[in-house]
Amino acid sequence: MVMADIAKVAEELARAVELTMDPCLPQQQRMEAYTACERFKETSPLCVQCGLYLAQQSNLSHFVRHFGLQLMEHCVKFRWNQMSQQEKLFIKENAMKLLERGIEPQLQELVHIKDALSRVIVEMIKREWPQQWSSLLAELQNACTHGGSQTELVLFVFLRLAEDVALLQTLESHQRRRDIYQALTANMGEIFAFFRHLILEHFHAIKRLHEESQESELKMHARVVQVVLLTLTGFIEWVSINHIMANDGRLVQILCLLLEDERFQAGAVECLLQVVSRKGRVEERMPLLVLFSAEVMRSIFKAADVASSKSLDERHYHFLKRLTLVLTGLGTQLCMLWGKDDGLNVRPPHFSTYLDAILTFSRHPSLTLVYYANSLWMSFFKHEQISKDKVFRTFIPKWVECTAPKITRVSYPSSRCTNIRETGAYACLDYDSEEEFAQFFHQCRSELLQTFRQTTLVAPLVTFSYVQQWLATRIQKSMAEQGTECNSQSPTYLEWEALSQILESVLSRILVPSERPSVTSGLRLLEICLNYEPSDPLLLSTLLSCVSALFVFLSMTTAERSANLLPRVLDKIFAALVFTQPGQGKDSRSRVVKNVRMHAASLMVKIAQKYPLLLLPVFDQVYATIQGLSKDPEQLSRLERVTLQEALLLLSNHFCDYERQTRFIGEVIGSGAEEWIMLSSKAFKSPRDFMTFVGLDRPPVEPSSDDLNGQNRSHILFYVNLFLAVVKRCSWPEDPDRAARGGFVMAHTETGNPLCRNPAASHVIPLVPHFLTLLKVFNGLWTPDALSALSEGYRGAHMMLEVERSNVLGTPCSASFVDHIDVSHPRAQTPLERMQHFLTMVHDTTYHILGNMGPSLGRDFYQMEDLVPNMLMTVFSNLDVVPDYRLRPLVRSFLRPFVCSCPPVCYESVLLPILAHICPYMFSHLNDKWQYIAQLYESGGMDEENTDTQEMLEDMLNRTVTREYLDVLKVVLVGGSSEVVCNAMEQDDAECTRPNTASLQAEVVSELGTLTLRNEATCQSVTLCVLRALCWNDSTASLKAANLTGPMVRQLSSDGSLTPDVAAHIMACVLQALQLHGQHESNLGSLLALGAQLYEILRPSFPNIVEVMNQIPNCNPQELQKLDEKILSTNQKGNKVEKTKKDIFKRLTSQLIGQSVSQLFRKEVCIAELPRLEPPRRYKTPRVDETESELGICKLFKNGESV
């Protein structure tokens, strides 16, 4: 086609492109133009010619020129293999001509045009170099001689090539990627020399032109240096360290020099960050120690000082953050090298200067910089050699002094400020909202406190002396300021709160190191705290935290000294327990007063748990004091009473006398148990009776003091919390000898292990039927009859709490950030909110009670008379109307620990009947729910972007319940440990244990699993639920199910329980799971291993599964035959799948494996392989007997001459 025709078509294309970019046109017209452009790109044989024409026309808009280059790239990517050699040469020659001469001057040409042209050349390189384009590097180097713009383009070519081949590895052909990678590696010395030469050449030109005041030309050279630095970031991460450190680390020296120039410091610091972040062996990391030179440290210091002195600017601040990461990365390398046999055995040079630099960033107002630097200090404190280094230890007091003030809580500013000395100014640059900053501050503060704990292990005297002086000074100031009121934002309170946190962190580790502060100094500090009598409840609460931390010194001193101080400590705690302010009664106490009283009660629990032997000698006095306070109805709230009784129960565990302990427990709950039974007989007879008792069928009453039903609700809450404390806290001695002497051992197992009885069992067991009845009532509250009886004001009483809803949806909730709320003026709860909290607390706590009975009471609980029928009629009644958020506590808090703790002797009598009831229901419920949600997605009723809809909440709840129920099935089938359940009562020391993921890989079904799979009432529902979970639209649930399917099917196969139809269904479920979840790497690996396993198990007995495999699209019969031969000709090897079988199974299912949406409609790129490159062979010195030529050995001894 003649040039005129090409020009005509190109002009039409240009008009179409302009239409697509015109915002004034209707959307339909723009879409038609876009469709026409795409159709031309896909079908026209004139793509290359028109693309070249558009790219060459400087008078066209940059949109059109960019589209022209896209046309050329498209042809190279998708038509290269079908082109003739002449067409390939045409594209190559014209692309190189564009590179050399066809673009605008450097500062006029837009970056995306240069990038588009570089991608055209890179696509040709992927298909031709090095085998068929040996002159490429010479041509690129020659192009650089034509000017700065061409140099930029060449650098873009190197950068995009490195990204596709090494960094992102997006090159479609593995063989071609290896070829190009090998060619790049072979020429890397020249490439890096080229980069260094460009930087030096243009940097020197910049200096010269600056002196001559030629700013326009200077900018062109500066642009080249910036692009070189950008290109280097694509290489430094993966090339050999020898290229980076060539010429005595000349490149690193240049990068440090560029840190001092604002135009280049951003690129230079990115390169340095990649250098110090490199992984590798010790010998590969050793050259990085060149960065500890005086010149490097000087450059970093100077750059940091200049950037810090600038006005608050996002660009300068970003540079400071990256520079901090460079220093911390260098420190991480030092941790890897110091102390290694082939690494660093002595302190690096200028180590003191380096620590000074890190300390500078630890002092910075920005908490982000402090957070970055703290990670390195933590690594240093943990390092065996560095933590003992003399120079390093001189910096510990400096670090403590500059870091301690950072613990003080900081508020997110209400408006942006520009003061570079204020933390809030940097918080505005880093975070967009108060919630985001609060989350970060919580994490930052936690890690700073953790570092203080680690520092105490290294230098306990340093950390203790600091907090000792700080606390003494703070108390002196507070005594002078006595009478001043505080709120949660007062500087005095914030300092006290930070001080108490650091004091607790330091003293929590004070017993671990051999070098400890003197006990006398600690007790003196405790006396100072006891002598201080703050009148403000906020300060009193922080003072209690200090007393709690200093209590450790009572455990270190003599019994006589401890006996003198302990009563004063207890007096202080009890004084705070009854603290009140003028004009406040029991029902009118402010939130801060309630908090400090509850803090005192919780402190008793903490001390009873950590130092029971100290309190045991004064147990009678403590008990008498608590009894006296409890008798005064205007003194303690119900929650305060329960918490104090919890402390007493913890102390009673150390009586080591069964009769005494069970008698005491009877005293604690005796009257409460009787009242609970009476209350139960009246309020728990039916849902309607319960609703009347708590006021659900009556209009809400305001204020709460006038709500008579509120007293009934308070009674119920008190009793369930009391009984939970008894069940969780009461236990037998851990020492078997003490347990035997104390009368706790009631029998022995067949293997001789003692069976201990819980002293609370005889008091709690009679109450179990009433707990079950209460849960039956709660389930009945969801029946239509009960719902219709709700008063209008309590219609929303059964709804989820806002905090629970936010947790399920993963959205921020203001209640999560109570640290930033002034607790002295809280928002009053409405009657509806109080009712919501009551129903949720009682429901969940009752399930916690039942869940803890198994691990706490043991056989006494499981061997209760009529336990199973009572449970089936109560806990599992009306489940069909119970919503998922009320079903969760049943599964997570009760069912899982109930199964875990059941003794084997009770499997058949207790667990199997329970599982026979709950497993069919859970499978049916979950299966129906997944089908409903799938229909919502298919109909478009589920909007994934609107995460606050009821449908989305149901979806997330369903996922959560599914995962938690699969955890129960895992315990049933392969076993597992009982999960510790967290309770809000444990404010000071609550910890959750995560499920043991190692047991998910169990290969053998447990005894309970065998019974379950052999029982007709449980086998089908458990098996189908696990198999269906593979295919439900939740990758986490599918992964859990995949880990259970293998051992489950193996057991079913060995029992002979499988039929051909079931075997086919099993394989079909695995294949469906691959189709749905194959896009996720973790799922893909597990499912491929599982599929190969199951095929190996099932194929010998069930040939019909071959038909299932044949239904895979484009299934390769030869591959399937090969897999059959390997399986049928070899013995099975337990749960281990040979790699070859797994690889064959992967190839068989490759057409089935699911892909992410981003990959579904991606056009496939095919790159033809070129002749293999012969790797350079290392020269090997031949042996003497392999050499034919004369070696001249005989001449050495000619004529008998000696050498």
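Begin by selecting R160 and E163, whose side chains form a salt bridge with an N to O distance of 3.1 Å. The model on screen is a predicted one. Both residues belong to helix α8, and because they are 3 residues apart in that helix, about one helical turn separates them. Colouring by accessibility will show that R160 is buried and that E163 is buried as well.

Salt bridges with shared partners join D115, R119, R160 and E163 into one network. Across the structure there are 45 salt bridges.

Now display the whole of helix α8, residues 148-167, together with helix α10, residues 188-211. The two helices pack at an angle of about 145°, and their axes are 13 Å apart. The crossing in which α8 passes α10 is left-handed. To see the contact itself, select T151, V154, L155 and F158 in α8, then I191, F194, F195 and L198 in α10, which they meet.

Move on to R445 and E497. These residues form a salt bridge in which the closest N and O atoms are 2.3 Å apart. The pair links distant parts of the chain, since R445 lies in helix α22 (residues 434-458) and E497 in helix α24 (residues 491-507), 52 residues apart. R445 is buried, and E497 is buried too.

Then select R834 and E702, another pair whose side chains meet in a salt bridge, here at 3.6 Å from N to O. Where in the chain do R834 and E702 lie? R834 is in helix α40 (residues 831-857), while E702 is in the loop between α33 (687-694) and α34 (708-729).

Finally, colour the chain by domain. Domain 1 takes in 461-480, 491-555 and 568-597. Domain 2 covers 670-820 and 829-906, and domain 3 consists of 926-977 and 1004-1156. With domain 2 and domain 3 selected, their C-alpha centres are found 36 Å apart. How many residues does each of these domains bring to the contact? Domain 2 supplies 16 residues, and domain 3 supplies 22 residues.

Definitions and conventions:
Residues numbered from 1 in each chain as written. Predicted model: local features only at pLDDT ≥ 70, side-chain atom pairs only at ≥ 80, totals over all residues. Heavy atoms only, no water. Axes fitted to C-alpha atoms, helices over the stretch in contact; angles between N-to-C directions. Helix = DSSP H or I, 4+ residues; strand = E, 2+ residues; numbered from the N terminus. Left-handed = near helix turned anticlockwise from the far one by under 90°. Contact = heavy atoms within 4.5 Å. Salt bridge = Lys/Arg side-chain N within 4 Å of Asp/Glu carboxyl O. Buried < 20%, exposed > 50% of the residue type's maximum accessible area, 1.4 Å probe, protein only. Domains from an automatic or database assignment.
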